[in-house]
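Please walk me through this structure, starting with its aromatic residues.

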Amino acid sequence: MKRNTLIEWIISPDDQLERVKHAEHAENLWKTATLLIIASFLVYGWMASIGMGSHLISISITDMPNLAYNADKFWFVIGRAIFGLLFALIILFLISYYFYLLTELPFRKILLMQQVVFFVMLIERIIWIPLYTYGGLDWYVSPLSFGIIASYFTDKLWIETFFGSISLFQLWIIFFQAKFILKLSILEKYKVWIAVILLHLISYAIVTLLSYFDNILLDGWF
């Protein structure tokens, strides 16, 4: 199979799907997976270093000696970077295994699909950085998500977070995953859509819960 870059999958997904369908196996997967995991570690560390998600630390800064604050911020950045690493492993391998069990497609092809998915997710997170730096917008009220619409109707953080998890990037991912599986598998169309949408709804609920407990944990730690 011809080696394809992740960018080519975004530019011309139909052409790449046709190639994967007729290929015996996908190439260069482990190198790409490693690079994505490292990129996730760095991106999440970068986001933490500029203060994304650290509003509770900022609130308590006046009550902390400078040395103690810098130490806490250091561990906060390290913790978020490690979270980015674990997040990459879940998206690339755990979710791939879920679709592998569901579709019985070759695991390498499913892993390729998830690499494209995670690449798009990283792009979204990089876009969050200038939105936060220059616009003061947290990720769940990004103008590319439904969270900013929800914020006009409620001030409940869990509702904003849930709808903030649903973005234009996420919608692209849902359609991409469904198209990929439908193209390569023999599963009925409705089963594929149910499996993909249900997975994402569960993930949005988990993100909402994690954000809630994240605030509690940070409040207790700092």
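Tryptophan 9 counts as buried, because its relative accessibility is 1% (buried means under 20% relative accessible area, exposed over 50%, partly exposed in between, with a 1.4 Å probe and protein chains only). The model is predicted: local features need pLDDT of at least 70, side-chain atom pairs count only at pLDDT 80 or more, and totals for chains, interfaces and linings use all residues. Residues are numbered from 1 along each chain as its sequence is written, and side-chain values use heavy atoms, leaving out hydrogens and water.

The structure holds 18 aromatic pairs (rings of Phe, Tyr and Trp, the last by its six-membered ring, with centres within 6.5 Å; planes under 30 degrees apart are stacked, over 60 edge-to-face, the rest tilted). One of them joins tryptophan 9 and phenylalanine 180: the centres are 5.9 Å apart and the planes at 35 degrees, so the pair is tilted. Tryptophan 9 sits in helix α1 (residues 6-11) and phenylalanine 180 in helix α9 (residues 168-184), 171 residues apart (helices are DSSP runs of H or I, at least four residues, numbered from the N terminus). Phenylalanine 180 is buried too, at 0% relative accessibility. Trp9, Trp172, Phe176 and Phe180 form one aromatic cluster.

Now helix α3. Serine 40 lies in this helix, residues 29-49. Serine 40 is buried, with a relative accessible area of 0%. A polar atom of its side chain lies 2.6 Å from the backbone oxygen of glycine 84. Leucine 42 is also in helix α3, but leucine 42 counts as exposed, at 53% relative accessibility.

Key: Helices (H or I, at least four residues) and strands (E, at least two) are DSSP runs, numbered from the N terminus. A polar contact is a pair of N or O atoms within 3.5 Å; within protein, one must be able to donate a hydrogen and the other to accept it, and residues adjacent in sequence count only if both atoms are side-chain atoms.
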